[in-house]
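Colleague: Before I use this model, I would like to go through some of the labels attached to it. Could you set each one against its definition?

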Amino acid sequence: MAVSIGRGLSADACLLILTLTFHHSNANNIVAGASTEETPHRRFEYKYSFKGPHLSQADGSIPFWVHSGNAIPSADQVRITPSLRSQKGSVWTKNAVNFDHWEAEVTFRVSGRGRMGADGLAIWFTTAQGLDGPVYGAADNWNGIGIFFDSFDNDGKKNNPAVLVVGNNGKLVYDHPNDGTTQALGTCLRDFRNKPYPVRAKITYYKKTLTVLINNGFTPDKDDYEFCTKVDNMIIPQEGYLGISAATGGLADDHDVLSFLTFRLTEPGQELPPPEAEMPKEDQDKYQEEFENFQQELDKKKEDYQKEHPDVHKETIEDMYESVNDREIRQVFEGQNRIHLEIKQLHRQLAMILDEQRRYVSVVTDEISKRQGESGGQVGQAPSKEMGAVVATQQEILSNLNELRNSFHESLKQIGATQHQANAVSMGTYETVQHFNEIKEHLHVVKRNLEHLITRNGSPSEKQVVKCPDPPPMPSCLGTTHFLVFVVIQSVLFFSYIMYKSQQEAAAKKFF
């Protein structure tokens, strides 16, 4: 019995191992197949897209798009519906999309002051432009596909806000009471109202598969998409119009669309036709003829203007811009002006240092004369020598500062002469470099002289430091005899207190 049980367990274990191995190999094959599958090529289609800034024209229209209802285009966005009750609006492409595979990236913002909003927003691909209707501001009985962002809970199941994919062949009526859940091909729950960043939706139709990805609007990362839903084996019309619509009911939200970008997708290895081939030959000839006529009219107007204004010389495009030599001269002038300002600042600081040194020398000289008058002989020889050395050092500092001042004057004169020469005659690059080298040499001399002054000025100050005399030792206030007497008196008082305390306790015990 035990043997049969053991054989049964071993057989089950072998079966489990084989099953896991089979599943693991299948998973590896799936991952390998997914990794080897190449991504499609994308080409941006500007005629089926809009994006700010400068989104709308002066007349309020959007290039290659048409808007209807309560839609309000502006410079950076299109407000499909304002936050008012019973509003409808939509925006549609003027030309039909005839791509086999396409992708749309829509950036929008739904915002309102209420806890709940209504009704919602829809992205369309239909055979006709549904400019007005009851389905989120667009027409019902559409032929194509609609991706609905429903923000109001009509059926009371608390499954909103939600994203739904609903297809229609032109015969179905949208199921409003049930929020379209009975007709939805795919759905996901996503809250897209009142987000800190705009919400993004990426809708991809590639190889009969519709995929919807959502960016929840919590991060500024544009590529942070989450999977929403996917519909396989989906057949949509060959040609259709892209659009976006919105509507409000008893509750209201602002439905703003910031961008609608459309891309054409092609399989890897398949080349796209050139843009010229996509336009009919009649349209190409028409546009070429219009361009040639416009060019001829422009040349004729130029000739008429020159005949009427012979005194006006024609200004070439090269004269309107700065040449390389002009830019180099301008940079040289700017550099010289900065150096000139720095040297002026140093000159003012040196003048202040000179005034301080002169004042210091005068004070030292007066002190020396006073001490020589008060004390004479051998007593005053050492201080007079030290003061003489200080005076000599200060005089040397004054001479060095005067030399620095003279060098600064020379530098200022050279810069002024260079600027004057450059204003009179256009200065060459070699001469400019030579003047800059001379200025740099003068600045290096100034730097060395300042460092020498700092080192020379620091040494006499160290010699002039006089140490303070040490204080005399303090005499001892307490002797040995006094200490012993103090200890004896303290001991007698301590024992007397103990005896007194014991007598008081004995007297108190008599009453008990």
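Colleague: In which loop does N141 lie?

Modeller: N141 lies in the loop between β8 and β9 (143-150), where strands are DSSP runs of E with at least two residues and helices are runs of H or I with at least four, numbered from the N terminus. This is a predicted model, in which local features need pLDDT of at least 70 and side-chain atom pairs count only at pLDDT 80 or more, whereas totals for chains, interfaces and linings use all residues. Residues are numbered from 1 along each chain as its sequence is written, and side-chain values use heavy atoms, with hydrogens and water left out.

Colleague: Why is N141 called partly exposed?

Modeller: Buried means under 20% relative accessible area, exposed means over 50%, and partly exposed is in between, with a 1.4 Å probe and protein chains only. The relative accessible area of N141 is 36%, so N141 is partly exposed.

Colleague: And why does D140 count as buried?

Modeller: D140 is placed in the loop between β8 and β9, and its relative accessibility is 19%, so the label is buried.

Colleague: Which peptide bonds are cis?

Modeller: The bond from G52 to P53 is cis, with omega near 0°, and P53 is in the loop between β2 (50-51) and β3 (65-69). A118 and D119 are also joined by a cis peptide bond, with omega about -15°, and D119 is in the loop between β7 (102-111) and β8 (120-126).

Colleague: Why is the pair of F494 and F495 called edge-to-face?

Modeller: Rings of Phe, Tyr and Trp (its six-membered ring) pair if their centres lie within 6.5 Å; planes under 30 degrees apart count as stacked, over 60 as edge-to-face and the rest as tilted. By this rule the count comes to 18 aromatic pairs. For F494 and F495 the ring centres are 6.0 Å apart and the planes are at 65°, so the pair is edge-to-face. F495 has a relative accessible area of 55%, so F495 is exposed. Elsewhere, W124, Y136, W142, F148 and Y174 form one aromatic cluster.

Colleague: How do you know that P40 is partly exposed?

Modeller: P40 has a relative accessible area of 25%, so the label is partly exposed. P40 lies in the loop between α1 (2-36) and β1 (41-44), and P40 and L265, although 225 residues apart in sequence, are 5.9 Å apart in space, C-alpha to C-alpha.

Colleague: Which part of the structure holds E303, and why is E303 called partly exposed?

Modeller: E303 is in helix α3 (residues 281-308), and its relative accessible area is 47%, so E303 is partly exposed.
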